[in-house]
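Me: I would like to learn how to read contacts and helix packing in a model. Where do we begin?

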Amino acid sequence: MFTYVVVYEIPVYGVHHFSLNLWKSYKPVKDPVMKPKWVNELEKNQPLLDLDTVILAINSAAAARLALETRVGFKRSISVFFNISSRSIAFMWQVLAIFVPTISTLFYIALQLFHNVSSFGSKTWIYTTSARVFCTTWTQIQIRCCQILYWPIILQDNGLRSHSCVEYMENTALHRHSMWSSLAVDLLLGNLMGLALLVHAESVCQWILTFASVITNELLRSGSVWLMGVPAGFKLNTELAGVLGVISLNAIQIWSTLWILFSFLFIYFIKGLALLGILFGATIPAALIIDMVSIATLHVSTLHWFISLLYSWQIQALAALWRLFRGRKWNPLRQRLDSYDYTVKQHIVGSLLFTPLLLLLPTTSVFYMFFTILSTAIAFTCILIEITISMIHSTPYIKIFLWLMRRRRFPSGIWFEIASCQNDSLEFACHDKVCSSSEKSYRNNNRGRNRPTIMVSVLRSNFLSIGESLLYFSFNCYYLHLMQGSSWDCLCISSWGGRSRLAC
């Protein structure tokens, strides 16, 4: 007769609970030796014990005991104090659930009124252009409005199901506190950034103006002049390089003149950015910085679009002329190349066009590569800021804080620690994995005898590390989607040709 006793600590909300969710799924090791048939049949059999149901019952032990004590009528001082404290906390939570959504709804109504007033006459080109230019900022404002409207869902009572099991209560609490913790960290970072910008507004403004002047003079103008000569030893077409270089220098000069004329407004923009960070958090000013970078580099994007269009037309013309020499013609209906008999005049005209286009291709390619590198660098900077915004929104701050305070709230799998094994009148303590030789001899001598045996084990839990908890709770839900947005599309478009970041 064999008796197995499992001792476990009753799960308590905020302290610990048990879970069967494993962080890693280990693959079985292939055994080179062929297994007997009875081993395969044993592996195919369903386990007699449903561990999910057992763990659910263990996690619900505290709620069951509390319900039993309440129903039976035990009047303990501790339970009375616990009931009073729980009722007071529930009452305070209900008051907060009424107050916070009311303030949030009023704030949201004010934002909607401001949006309706600003969008009066939405069919005008001014409103449409501003909506396209500041699309990132409007997206972050919509996210903040959704967070404001989400407060009633966060603070509402989720019913008896979430309170019956400690694991359900933990998951509900983590989901409930993730939104306000992200919003609190966003506001904290915004206040730090806003106060720093307010204190050093003049120095920041001066540094940005100096940086823009250095980029314009040392990179854009010098690069355009360098391309008009003999860049890296390449012999380019002087006339075409001169035309493209003059167009680039004129566009850079026009934009530099406008930048100098409106540079006195930049100090007010810095202060407005600081106030936005203090009031709305760090993500909205960061989104506004992305839009302002796109506006400040509009001349680079325009030049890249123009040269990309010229380069694309040139490549398409060369491809069409090459098909003419091969006697092939593109069939747009069937989406294939068909044979076609061209006339002698068509071959002569094609030859006259193919030669200059092919000789002018290196010049166009050099200008295209230069402005593609600049546009890609600008797009990469905007991508880094967008990734930072997404990480601020999606990082589970409350999970990190709770892991640092109490790691036992993040279990990952269970295991059994053998405490003792008693056979007749002799008891073995098996806290260690290694037993003595006398115990082994006693077991060997009494093996096969039908004697009552009692084994006592303690149910333990494995716990997630800080990296595993972050990846387990965040990577699958949020960070995986960072590389699927429109930023990488814009980056690919900027380096493909025929389009620019303006199309994004």
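Reply: Begin with contact, which means heavy atoms within 4.5 Å. This is a predicted model, in which local features need pLDDT of at least 70, side-chain atom pairs count only at pLDDT 80 or more, and totals for chains, interfaces and linings use all residues. Residues are numbered from 1 along each chain as its sequence is written, and side-chain values use heavy atoms, with hydrogens and water left out.

Me: Which residues does Ser 457 touch, not counting residues up to four places away in sequence?

Reply: Ser 457 contacts Tyr 4, Val 5, Val 6, Val 7, Phe 416, Glu 417, Ile 418 and Ala 419. Ser 457 lies in strand 6 (residues 453–463); strands are DSSP runs of E, at least two residues, and helices runs of H or I, at least four, numbered from the N terminus.

Me: Is Ser 457 buried or exposed?

Reply: Buried means under 20% relative accessible area, exposed over 50%, partly exposed in between (1.4 Å probe, protein chains only). Ser 457 has 0%, so it is buried.

Me: How are two packed helices described?

Reply: By the angle between their axes and the distance between the axes. Axes are lines fitted to C-alpha atoms, for helices over the stretch in contact, and angles run from 0 to 180 degrees between N-to-C directions. Here helix 11 (residues 238–261) and helix 14 (residues 298–326) have axes that come within 9 Å and cross at roughly 160°. Helix 11 is therefore roughly antiparallel to helix 14, a term for angles over 145 degrees.

Me: Which residues of helix 11 meet helix 14?

Reply: Leu 244, Ile 247, Ser 248, Ala 251, Ile 252 and Trp 255 do, against Leu 298, His 299, Leu 303, Phe 306 and Leu 310 of helix 14.

Terms used: Parallel < 35°, antiparallel > 145°, perpendicular 65-115°, else oblique.
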